[in-house]
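The sequence and the structure come first.

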Amino acid sequence: MASIPPALSSYWQNGFDLEAHLGSFLGLEAAELQEKLRAGQQQLAELGRRDFGWDQVEAFYRDRVGSAYLLDLAAWHLSSTDYIGDTLRLVADQARGLVLDFGGGIGTHTIGAALCPAVEQVIFWDINPIHRQFVQLRAEKLGLSERIHCPETLPEGIFFDTILCFDVVEHLPDPAVQLRQFYAWLKPEGKLLINWYFFKGFNDEFPFHLDDPQKVEQFFQVLQSHFLEVFHPYLITARCYRKWNKG
Amino acid sequence: MSMDASQHSPAPLILIFKDQLGQRGVVLDKIYYSVGRAANRHIRLYDPFVSRQHAVIIRVPEESQAGYSYVIFDGSPGSRQSTNGLFVNGKRVSSHRLQLFDKIGFGPRVTAIVRSTDHFSPDTLAILLKTPPNVPEPGSQQDTEKEALRENESFTAIPCLAVS
């Protein structure tokens with residue numbers, strides 16, 4: 001087990017005080033919050049079955065999910081400390097300078113990055129206004145409001161040293177397009193910390209995930225023609241490669 | 001034409017504000033500034049058309065890694081836009097990387113010009129950086145104007161500086 005980065009140790013203690021922040025933001029007592037956290041995933045799934053469609057994916061995540069997605073994400077983060085902890089170790093090793101957390105959700109990686117000594121500022125961007133307000137509240141409560149910024153629109157004309165994009169691209173209708181955008185936003189030696197899961201689950205646990213083979217192929221074509229993989233020792237996974245005859 | 005502030009100016013930038021208190025400067029040397037009408041803002045502006053939290057300014061590393069530049073965002077950190085808008089060179093923006101000679105508008109009446117500190121003599125800088133008196137947060141426009149006029153009696157405005 002890799003050691004815990006000292007600057008981020010509070011994640012392993014209490015998820016950067018996530019439950020207290022949620023209670024404060026939603027105006028819920030502890031018991032009520034626990035009940036909402038238990039129900040959050042089911043509530044989001046029901047909403048998705050009713051309202052989700054790839055032709056209106058932005059509107060779904062921006063306008064329709066409300067606080068249900070916040071609770072769903074929070075429940076997942078609280079129950080996935082090992083997995084998310086490893087992504088934070090990667091952030092501690094690689095993030096520096098000006099950081100963009102793209103689709104940052106409940107702000108775990110934004111907070112983690114802002115606590116890293118090599119990071120100057122973090123721009124948190126999420127299409128959901130509730131997430132932006134929540135992460136700003138978290139930044140204030142953690143004394144990080146001078147390092148974390150949650151604008152409604154992404155600033156133009158600035159380039160990032162690091163882009164974080166965890167558990168996001170499978171929710172996008174065309175991940176290859178987003179990847180090209182990341183390439184344009186990065187400084188010449190900038191780094192992209194990203195993961196993906198183009199799979200709806202063995203039992204349809206992730207009905208919102210993109211799994212269109214053509215879109216996935218386009219994603220990997222952009223990824224493997226624009227970015228060079230940097231080895232790291234966390235979340236080691238086996239990969240499958242097909243010989244790619246570009247001609 | 002605007003110049004890239006960081007590439008052409010190793011000296012710190014100064015924002016020269018003009019509001020109801022007159023003209024004054026703020027040298028940009030910190031990582032973060034909140035700007036607005038409320039008393040607890042890092043840069044407090046005196047005008048009823050300015051929101052309590054009107055904008056934030058953050059320092060970001062340059063692409064070349066050789067220095068820093070500053071980016072200004074409209075509104076509060078939690079994404080609420082200012083009521084009367086943030087303008088750069090006459091165009092409403094939600095964010096902008098500051099460049100030399102930019103004219104920033106905070107609502108319809110308050111402006112700031114981006115300059116380099118090495119443009120000014122030490123004496124002029126000292127006048128620009130004189131701390132304004134702390135006045136109560138503005139209420140009605142009429143009250144504000146009275147307050148501003150009252151405070152102007154003890155504040156050194158320097159309208160003759162060529163900063164616009």
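At what angle do helix H9 and helix H10 of chain A pack, and how far apart are their axes?

## Helices H9 and H10 of chain A

Helix H9 (residues 175–185) and helix H10 (residues 213–226) of chain A pack at about 20 degrees, with axes 7 Å apart. Axes are lines fitted to C-alpha atoms, for helices over the stretch in contact, and angles run from 0 to 180 degrees between N-to-C directions. Helices (H or I, at least four residues) and strands (E, at least two) are DSSP runs, numbered from the N terminus. The angle makes H9(A) roughly parallel to H10(A); angles under 35 degrees count as roughly parallel, over 145 as roughly antiparallel, 65 to 115 as roughly perpendicular and the rest as oblique. The crossing of H9(A) and H10(A) is right-handed, where right-handed means that the near helix is turned clockwise from the far one by less than a right angle, and left-handed anticlockwise.

H9(A) contributes A:Pro175, A:Ala176, A:Leu179, A:Arg180 and A:Tyr183 to the contact, and H10(A) contributes A:Lys215, A:Gln218, A:Phe219, A:Val222, A:Leu223 and A:His226. Residues are in contact if their C-beta atoms, placed from the backbone, lie within 7 Å. The residues of this contact comprise 7 nonpolar, 2 polar and 2 charged. Ala, Val, Leu, Ile, Met, Phe, Trp, Tyr, Cys and Pro count as nonpolar, Asp, Glu, Lys and Arg as charged, and the others, Gly among them, as polar.

## Basis of the model

The model is predicted: local features need pLDDT of at least 70, side-chain atom pairs count only at pLDDT 80 or more, and totals for chains, interfaces and linings use all residues. Residues are numbered from 1 along each chain as its sequence is written, and chains are lettered from A and ligands numbered from 1 in the order in which they are written.

## Helices H3 and H5 of chain A

The axes of helix H3 (residues 30–51) and helix H5 (residues 66–78) of chain A come within 8 Å and cross at roughly 125 degrees. That makes H3(A) oblique to H5(A). Their crossing is left-handed. The residues of the contact of H3(A) with H5(A) divide into 8 nonpolar, 3 polar and 2 charged.

## A crossover in chain A

Strand S4 (residues 160–165) and strand S5 (residues 186–194) of chain A pair in the parallel sense over 5 bridges; pairing requires at least two DSSP bridges between the strands. A:Cys165 stands opposite A:Ile194 in S5(A). The chain passes from S4(A) through H9(A) to S5(A) in a right-handed β-α-β crossover, right-handed being a clockwise path from the first strand over the helix to the second, with the strands pointing away from the viewer.

## Sheets of chain B

One open sheet of chain B has 5 strands in the order S4-S3-S5-S6-S9, with mixed pairing. Strand S4 (43–44) and S9 of chain B stand at the edges, each with a single partner strand, so one side of each lacks a neighbour in the sheet. S4(B) runs parallel to strand S3 (residues 32–36) of chain B, joined by 2 bridges, and B:Gly36 has B:Arg44 as its bridge partner in S4(B).

An open sheet of 6 strands in chain B has the order S2-S1-S11-S10-S7-S8, with antiparallel pairing. Its twist averages 30 degrees from one strand to the next.

## Contact between the chains

Chain B gives 17 residues to the contact and chain A gives 22. On the chain B side, S5(B) gives the most, with 5 residues.

How values were computed. Two residues are in contact if their C-beta atoms, placed from the backbone, lie within 7 Å.
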